[in-house]
Amino acid sequence: MDADAPGAVLKRERVRDFILELIESQHPGDAIPSERALCARLGVSRPTLRAAVDELVAAGLLVREHGRGMFVAPEKITQELVSGQQSLSLPPASGVWSSRLLEFTTIQAGARVGRKLRISPGAAIVYVARLRLVDGAPMAIEHLHIRADLVPGLSAQELEAGDLYEHLRERHGVHVQEAVQAIEPTVVTRAEAELLDVPELSPALLFERLTSDTTGRPVEYVHSLYRGDRYRIVSRLALGPSAAVPPDSLGHHPGIPPGDFADRDRIASSTSGDIQSAY
């Protein structure tokens, strides 16, 4: 499949969401339908379906057993990093960040995204896929799901230039405050490799983030794929009292390029540790 073909990114996203919905509705060890059955049900080609399955196998959510089929993988062990400060302080990443739109449309939320945003599956969301670049080189692929009722008139220009959260605040009256984010290792599919200019199955970091506003209302669900050869996360745990972090040393949250979060000094995360990002 041509990575830049109209609708290609959205089609892969819908297939991925459908399979994730299957996984989340079952238990570890349960079988999921065959690739042939899923292709028929979703109306997609075998390569499109297989690319989504490969991604979920690499992420440790599905297990393939030769001659038997595909099964829901065992649950992952999660460790929460906790700092006494209950906040994040981050140095800024270097380089000039920019965006290139791959998809921009309004669709129904669907069951999985609807649950995350606490809206009806039939409610409208703005779906955006964009390629993030640093100094002109591809760094990440972002899939954004934003409540459409909060951003009437959201334009492509707002998603290609400037600070998205600044646009939300100044043009749409949406003030984001908190982001809960999970980070996992994975590998890139063929289509993702073409966009990121790396070999297929190259290592990558998968970020999933749910952003809420000052009232606690979910605003945006995002999952992003960052190049593993150019991006890394270093966790620094506070084991005792430390000096206050000067305001000018605060930077972006991992997975959120510089300038993409308003009021950074108020960012909170479920990891609650001091985390650095670099590449």
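**Stop 1: helices H1 and H4**

Select helix H1, residues 8-24, and helix H4, residues 110-117. Helices here are DSSP runs of H or I with at least four residues, strands are E runs of at least two, and both are numbered from the N terminus. Two packed helices are described by the angle between their axes and the distance between the axes. H1 and H4 pack at an angle of about 75°, and their axes are 8 Å apart. The axes are lines fitted to C-alpha atoms, for helices over the stretch in contact, and angles run from 0 to 180 degrees between N-to-C directions. H1 and H4 are therefore roughly perpendicular to each other. That label covers 65 to 115 degrees; under 35 counts as roughly parallel, over 145 as roughly antiparallel, and the rest as oblique.

This is a predicted model: local features need pLDDT of at least 70, side-chain atom pairs count only at pLDDT 80 or more, and totals for chains, interfaces and linings use all residues. Residues are numbered from 1 along each chain as its sequence is written, and side-chain values use heavy atoms, with hydrogens and water left out.

Which residues meet between H1 and H4? Show Arg-16, Asp-17, Leu-20, Glu-21 and Glu-24 on the H1 side. On the H4 side, show Ala-111, Arg-112, Val-113 and Arg-115. By class, this contact has three nonpolar, no polar and six charged residues. Ala, Val, Leu, Ile, Met, Phe, Trp, Tyr, Cys and Pro count as nonpolar, Asp, Glu, Lys and Arg as charged, and the others, Gly among them, as polar.

Now pick Asp-17, in H1. Is Asp-17 buried or exposed? Asp-17 counts as buried, at 8% relative accessibility. Buried means under 20% relative accessible area, exposed over 50%, and partly exposed in between (1.4 Å probe, protein chains only). Asp-17 touches Arg-112, Val-113 and His-145, leaving aside residues up to four places away in sequence. A contact means heavy atoms within 4.5 Å.

**Stop 2: helix H6**

Move to helix H6, residues 164-172. Colour its buried residues: Leu-164, Tyr-165, His-167, Leu-168 and His-172. They cover an arc of only 155° around the axis, which puts them on the same side of H6. The arc is that of the directions from the helix axis to the C-beta atoms. An α-helix has 3.6 residues a turn, so residues three or four places apart point the same way.

What covers the buried residues of H6? The cover includes helix H5 (156-160) and the strands E5 (124-134), E6 (137-147), E7 (176-187), E8 (203-213) and E9 (218-227).

Zoom in on the start of H6. A side-chain oxygen of Asp-163 comes to within 2.9 Å of the backbone nitrogen of Tyr-165. Then go to the other end. Gly-173 follows H6, and its phi is positive, near 70°.

**Stop 3: strand E8**

Select Arg-209, in strand E8. Arg-209 is buried, with a relative accessible area of 5%. Its side chain makes a polar contact with the side chain of Tyr-165 (3.2 Å). Another links the side chains of Arg-209 and Gln-181 (3.4 Å). A polar contact is a pair of N or O atoms within 3.5 Å; within protein, one must be able to donate a hydrogen and the other to accept it, and residues adjacent in sequence count only if both atoms are side-chain atoms.

Arg-209 and Ala-179 are 30 residues apart in sequence, and their C-alpha atoms are 6.4 Å apart in space.

Next, select Ser-212, also in E8. Ser-212 is buried too, at 12% relative accessible area. Not counting residues up to four places away, Ser-212 touches Val-176, Gln-177, Glu-178, Arg-217, Pro-218 and Val-219.

**Stop 4: Leu-144**

Jump to Leu-144 in strand E6. At 1% relative accessibility, Leu-144 counts as buried. Among the residues that Leu-144 touches are Val-126, Val-128, Leu-164, Tyr-221 and Val-222. Its C-alpha atom is separated by 9.6 Å from that of Arg-209, 65 residues away along the chain.

**Stop 5: the loop between H7 and E8**

Find the loop between helix H7 (190-196) and E8, and pick Asp-197 there. Asp-197 is not a glycine, yet its phi is positive, about 60°. Asp-197 counts as exposed, at 61% relative accessibility. Leu-201 sits in the loop between H7 and E8 as well. Its phi is positive, near 70°. Leu-201 is exposed, with a relative accessible area of 56%.

**Last stop: the whole chain**

Zoom out. The protein chain has seven helices and 11 strands. Buried residues make up 47% of its 279 residues.
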